[in-house]
Amino acid sequence: MLAIFLFLLIGAAVLLAAFFLIRRERRFRNLLERQHKQLDERLKTTLERLEEERARLKTTFGGMTEGVLLTDARGDILHLNPAFQEMFSLEGKIEGRSALEILASVPSDNAIREVIRSGKSVEREILFDRPKRRVFQVHFSPMHHDGKLFGVVSVFHDLTEIRRLEEVRRDFVANLSHELKTPLTAIRGFSETLLEDSTPEETRKYLEVIFRHATDLSQLMENLLNLSQIESGKEEIRSEQISLKTFVDRLLERFKVQAELKKIHLSNETHESDALHADPPKLNQILSNLLDNAIKYTPPGGKIWIRARSLDRAFQMEVTDTGPGIPPEERSRVFERFYRIDKARSRETGGAGLGLAIVKHLVELHGGRITVESGSGQGSRFLISLPRS
């Protein structure tokens, strides 16, 4: 009897354990099914978002007029947009091929490798000869993921037409200046001859006006021809060692009378040891234009000085005056051709707004840069940085 009871008790315990196990398994299965369903929904949502993002990027790239090229860290092409494909007349499968092979441009390949090496953006203006001769401004930017650089995105902006129009404009200005130079020289010459003769006072007054304006126009034509020559890219730098103190002394001697008429003090604060490599006539033109501007705009009793200092990789010169200064909103435009801050005053002093444009181009021709520090009523300080070599 006891054995039967124990058998039944054990059987009941087994059945109860089996019941709980089955119930637990069912709950676990339901939990797995719910988690699986949630994962499916999340995966579906993620895929939909990725597809939306992919479609958005495709639409954005497809609608851009600029060419876009994505390359990996080895320089192989990952993606390109239709505008890029049209710019370079590309057909067939391009992804996976080398950017150097497709572009056939060493400067662009070097720029991509520089971005990969430094992790910083680079901007270049690059001439491409294939499929036809075109000029592009290209911005190369690094692409990062989880803090690691995995590629470069390059945006190509076509400057071919802009550069062609600039060349047309340069040729037009140069040709016009050349054609006007001859009649202006004749007007100056004949008016000067008549002024030397004994002429009535009334006639002499008119002749002086003709001569003065003809001289101003001749100077304008010379400046335009000079600027066109510099911008054409045909101007060469003939660099040589220059002792700056002696150079500036001779320069200031030429402006001595002009400065004394306004009682302006000219100061050469360079040192005997200051020496640099530059093209003497062009450096003379740079400093002459800056000095001429400073004397014109500095009020009587003011001061103008030239300083220099040697930096690690550059030689820096400065021309500083105690004039009225340049308002902050005007500083970015002072190196534009024909731009004048005070139009009425510039006419009085004979300025046409070309001097600083010529200075900027000549400094850049040396591989340097020029900046201005100024403010209303604070004078102006023009800084010229030229490479040491």
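Residues are classed here as buried when their relative accessible area is under 20%, as exposed when it is over 50%, and as partly exposed in between (1.4 Å probe, protein chains only). The model is predicted, so that local features need pLDDT of at least 70 and side-chain atom pairs count only at pLDDT 80 or more, while totals for chains, interfaces and linings use all residues. Residues are numbered from 1 along each chain as its sequence is written, and side-chain values use heavy atoms, with hydrogens and water left out.

A search of the whole structure finds nine aromatic pairs, a pair being two rings of Phe, Tyr or Trp (its six-membered ring) with centres within 6.5 Å, counted as stacked if the planes are under 30 degrees apart, as edge-to-face if over 60 and as tilted for the rest. Among them, Phe84 and Phe156 are arranged edge-to-face, with 5.2 Å from centre to centre and 65° between the planes. This pair links distant parts of the chain, since Phe84 belongs to helix H2 (residues 82–87) and Phe156 to strand E5 (residues 148–158), 72 residues apart; helices (H or I, at least four residues) and strands (E, at least two) are DSSP runs numbered from the N terminus. Phe84 is buried at 0% relative accessibility, and Phe156 is likewise buried at 0%. The pair of Phe88 and Phe136 is stacked, because the ring centres are 5.5 Å apart and the planes stand at 25°. Here the loop between H2 and helix H3 (99–103), which holds Phe88, is linked to strand E4 (residues 134–145), which holds Phe136, across 48 residues. Both Phe88 and Phe136 are buried, and ring pairs join Phe84, Phe88, Phe128, Phe136 and Phe156 into a cluster.

Salt bridges, defined by a side-chain nitrogen of Lys or Arg within 4 Å of a carboxyl oxygen of Asp or Glu, number 17 by this rule. One of them joins Asp109 and Arg113 at 3.0 Å, N to O; these residues are four apart in helix H4 (residues 106–118) and are thus separated by about one helical turn. Asp109 is buried, with a relative accessible area of 10%, whereas Arg113 is partly exposed at 41%. In a further salt bridge, the closest N and O atoms of Arg163 and Glu125 are 2.7 Å apart. Because Arg163 lies in helix H5 (residues 160–196) and Glu125 in strand E3 (residues 122–128), this pair ties together parts that are 38 residues apart in sequence. Glu269, Lys303, Arg307, Glu318, Glu373 and Arg381 are linked in a network of salt bridges.
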